[in-house]
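Me: I would like to go through a model feature by feature. Please give the rule for each feature and then the case.

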Amino acid sequence: MTNARGQDLADVGMIWKNATWLGVIPILLNVVALFSTGFITRRVGPEAFGQFSIALALTGLTLSLSDLGLRSLAVRNLARSGRGARHGFYDLLSVRLLTSGLAMVLAWCIAGGLALFSTSSGLAPVLLVSSLGIVPTALVGVFTDGLMARDQARATSASTFWSGALLTLASVAAVAFAPTSKALAASYLVGPLVNVVMLSRRTRT
């Protein structure tokens with residue numbers, strides 16, 4: 001009974017430690033992003049920043065179609081230990097690659113429709129650039145779930161912090177040299193690409 005009680009307390013402590021790491025990192029990133037947004041908006045102008053914001057929203061919309069409840073399955077299934085969990089992880093990785101690829105194609109179709117029928121001709125190329133982040137962003141979710149199933153919240157939080165910090169630096173540098181919505185959208189690819197590289201390396205260890 002004493003050992004079981006001690007294990008329960010250890011589990012609760014691990015939950016709180018993970019929650020602390022996962023909660024503090026987004027707050028720090030939002031503070032950093034808050035100070036950079038004003039500079040970015042002044043550099044690119046309201047019209048270009050509006051195009052970037054719409055493209056980012058459309059990218060997020062199509063990205064959500066790549067999930068379809070798969071992350072909920074991951075939370076339940078990847079916590080298993082042994083060979084079953086590893087096979088489940090790679091199965092989930094394959095499915096997310098497929099669905100995120102389809103989501104990216106859908107974003108391209110939307111961009112093509114905007115180029116044909118919208119008076120805002122500048123939005124379509126921004127959406128095309130932004131949609132390139134759909135696949136790595138989906139993979140970030142897979143790797144994050146795999147690491148969380150192994151109680152490695154600190155690794156996922158560190159990756160989130162560094163990818164977010166580098167994204168902010170890239171976006172500020174991009175608009176400093178090329179104040180356009182396409183350059184801003186391209187700089188936002190840095191975050192998911194850095195994140196997926198860092199998380200994939202942690203997953204293999």
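**Reading the helices and their contacts**

Reply: Along the sequence, the protein chain follows the pattern α-α-α-α-α-α-α-α-α. Helices (H or I, at least four residues) and strands (E, at least two) are DSSP runs, numbered from the N terminus. The secondary structure comes to nine helices and zero strands. The model is predicted, so local features need pLDDT of at least 70 and side-chain atom pairs count only at pLDDT 80 or more, while totals for chains, interfaces and linings use all residues. Residues are numbered from 1 along each chain as its sequence is written, and side-chain values use heavy atoms, with hydrogens and water left out.

Me: What percentage of the residues in the protein chain is buried?

Reply: Buried means under 20% relative accessible area, exposed over 50%, and partly exposed in between (1.4 Å probe, protein chains only). Of the 205 residues in the protein chain, 38% are buried.

Me: Among contacts between residues at least 6 apart in sequence, what percentage joins residues at least 24 apart?

Reply: Contact means heavy atoms within 4.5 Å. Among the contacts in the protein chain between residues at least 6 apart, 82% join residues at least 24 apart.

Me: Which residues does Phe-39 touch, beyond those up to four places away in sequence?

Reply: Phe-39 lies in helix H1 (residues 2-44) and touches Val-172, Val-175 and Ala-176. Phe-39 and Val-175 are 136 residues apart in sequence, with their C-alpha atoms 8.8 Å apart. At a relative accessible area of 29%, Phe-39 is partly exposed.

Me: Is Val-44 buried or exposed?

Reply: Val-44, also in helix H1, is buried, at 11% relative accessibility. Val-44 and Pro-179 are 135 residues apart in sequence and 4.7 Å apart in space, C-alpha to C-alpha.

Me: At what angle do helices H2 and H5 pack?

Reply: Axes are lines fitted to C-alpha atoms, for helices over the stretch in contact, and angles run from 0 to 180 degrees between N-to-C directions. Helix H2 (residues 46-64) and helix H5 (residues 123-131) pack at about 45°, with their axes 9 Å apart. That makes H2 oblique to H5; angles under 35 degrees count as roughly parallel, over 145 as roughly antiparallel, 65 to 115 as roughly perpendicular and the rest as oblique.

Me: Which residues make the contact of H2 with H5?

Reply: H2 contributes Gln-51, Phe-52, Ile-54, Ala-55, Leu-56, Leu-58 and Thr-59, and H5 contributes Leu-123, Val-126, Leu-127, Ser-130 and Ser-131. Thr-59 is buried, at 8% relative accessibility. Not counting residues up to four places away in sequence, Thr-59 touches Leu-127, Ser-130, Ser-131 and Ile-134.

Me: How many aromatic pairs are there?

Reply: A pair of aromatic rings is described by the distance of the centres and the angle of the planes. Rings of Phe, Tyr and Trp (its six-membered ring) pair if their centres lie within 6.5 Å; planes under 30 degrees apart count as stacked, over 60 as edge-to-face and the rest as tilted. The count is two aromatic pairs. One of them is tilted: the rings of Phe-49 and Phe-52 have their centres 6.0 Å apart and their planes at 50°. Phe-49 and Phe-52 are three residues apart in helix H2, which means a separation of about one helical turn. Phe-49 is partly exposed, at 21%, whereas Phe-52 is buried, at 4%. Phe-49, Phe-52 and Tyr-188 form one aromatic cluster.
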